[in-house]
Amino acid sequence: MPSTIRTTTLPSGEALPVLGQGTWRMGEDFSRHADEVNALKLGLDLGMTLIDTAEMYASGGAEEVVADAIAGRRDEVFLVSKVLPSNASRIGVPAACDRSLRHLRTDRIDLYLLHWPGSLPLAETVEAFDALKKAGKIRHWGVSNFDTHEMEELVSLPAGDSVQTNQILYNLSQRGPEFDLAPWSRQRGIPLMAYSPVDQGVLARNTTLEAIAARHNATAAQIALAWVMAQPGVIAIPKAGKQEHVRQNVAASDIELTPDDFADIDRAFPPPTRKRGLQMI
């Protein structure tokens, strides 16, 4: 049975689960292809209907893994992909989108993101996104790895206020966005999409989180993930290449952290007291 995963809402009004599936590093080794496809399929079965990928991941290989996972069930999935900044021109965006559509074997991408700020004019990228939306090739667009000043520039552009999300590095090791970017985003109803929510496994070995996990019959990684999902207006997109890891991620969505848990976490991972530049990996 699918899990009941809490949702948050895009500016468009569309509800999305606060737990999705990431695909970074998928598609790099064909010997893992079947495991990766089956992991994504199980995630869909368990209610993680948001899948995030990008043209950069394995040069389209991750998108092909996703295509196999969603075959025959495309309408169940909220599909996110990203365009590289080097392709973010008026001509480059539609060409990149068409390549991604071919890799994904679909006629539309639900949310198309600029992967990080680049040197091409942002206004040109927004224009191209708007044209793709009008053509029905994408349903929504957003950005990734944008700090507060970059978001302010974006929303000041014609049609820039149509941005639906900002995907960023955010986890207990990287709480910098809480100082200004997270409040700025919440005020405008723009969800943050947190990649690497367990800090590439580093947080799975943290003793404070292990102690909290013991109170919940969980793992440290599940506590780290539950903490991200507990933040208002945040969607976590962990990658899981194996089915057991998928089940653990879904189970984290049922963990209800207590005030004592949050206090222990804040002592071990203090929230920021000053502006820190947005990090990315």
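The largest cavity is lined by G20, Q21, G22, L40, M48, P238, K239, A240 and N249. This is a predicted model. About 40 Å³ of space lies in that cavity. A search of the whole structure finds 1 cavity of 30 Å³ or more.

Helix 2 comes next. Is it enclosed or open? Of its 10 residues, 8 are buried, so helix 2 is largely enclosed by the rest of the structure. The buried residues are G61, A62, E63, V65, V66, A67, A69 and I70. Their cover includes helix 1 (33-45), strand 3, strand 4 (78-83) and helix 3 (92-104). Just after helix 2, G72 takes a positive phi of about 80 degrees.

M56 is partly exposed, with a relative accessible area of 35%. Together with W24 and I281, M56 forms a nonpolar patch on the surface. The three share about 260 Å² of accessible area.

Now the charged side chains. The structure holds 25 salt bridges. Side chains of opposite charge can pair when their charged atoms come close. Three of the pairs are tabulated here.

| Salt bridge | Distance, N to O |
|---|---|
| R32 and D29 | 3.6 Å |
| K275 and D147 | 2.7 Å |
| D180 and K275 | 3.0 Å |

In the R32 and D29 pair, R32 is partly exposed at 36% relative accessible area. D29 is partly exposed too, at 30%.

Which residues does K275 meet in salt bridges? One is D147. That pair links distant parts of the chain, 128 residues apart. K275 sits in the segment after helix 10 (259-268), and D147 in the loop between strand 6 (138-144) and helix 5 (148-155). K275 is partly exposed, with a relative accessible area of 34%. D147 has 7% relative accessibility and counts as buried, because the cut-off for buried is under 20%.

Another partner of K275 is D180. This pair also links distant parts of the chain, 95 residues apart. D180 lies in the loop between strand 7 (166-169) and helix 6 (181-187). At 21% relative accessibility, D180 counts as partly exposed. Elsewhere, salt bridges that share partners join E14, R74, D110 and R139 into one network.

Technical notes:
Residues are numbered from 1 along each chain as its sequence is written. This is a predicted model: local features need pLDDT of at least 70, side-chain atom pairs count only at pLDDT 80 or more; totals for chains, interfaces and linings use all residues. Side-chain values use heavy atoms; hydrogens and water are left out. Patches are made of residues with over 30% relative accessible area and no salt bridge: like charges are joined within 9 Å, nonpolar side chains (Val, Leu, Ile, Met, Phe, Trp, Tyr) within 5 Å. Accessible areas come from the Shrake-Rupley method with a 1.4 Å probe; for residues, only the protein chains shown count as cover. A salt bridge is a side-chain nitrogen of Lys or Arg within 4 Å of a carboxyl oxygen of Asp or Glu. Buried means under 20% relative accessible area, exposed over 50%, partly exposed in between (1.4 Å probe, protein chains only). Helices (H or I, at least four residues) and strands (E, at least two) are DSSP runs, numbered from the N terminus. Contact means heavy atoms within 4.5 Å. On a 1 Å grid over the protein atoms alone, a cavity is a set of points where a 1.4 Å probe fits but cannot get out, and a pocket is an open set with protein on both sides within 12 Å along at least five of seven lines; lining residues have an atom within 4 Å of a point. Grid points are joined across faces, edges and corners, and a volume is the space filled by probe spheres set on the points.
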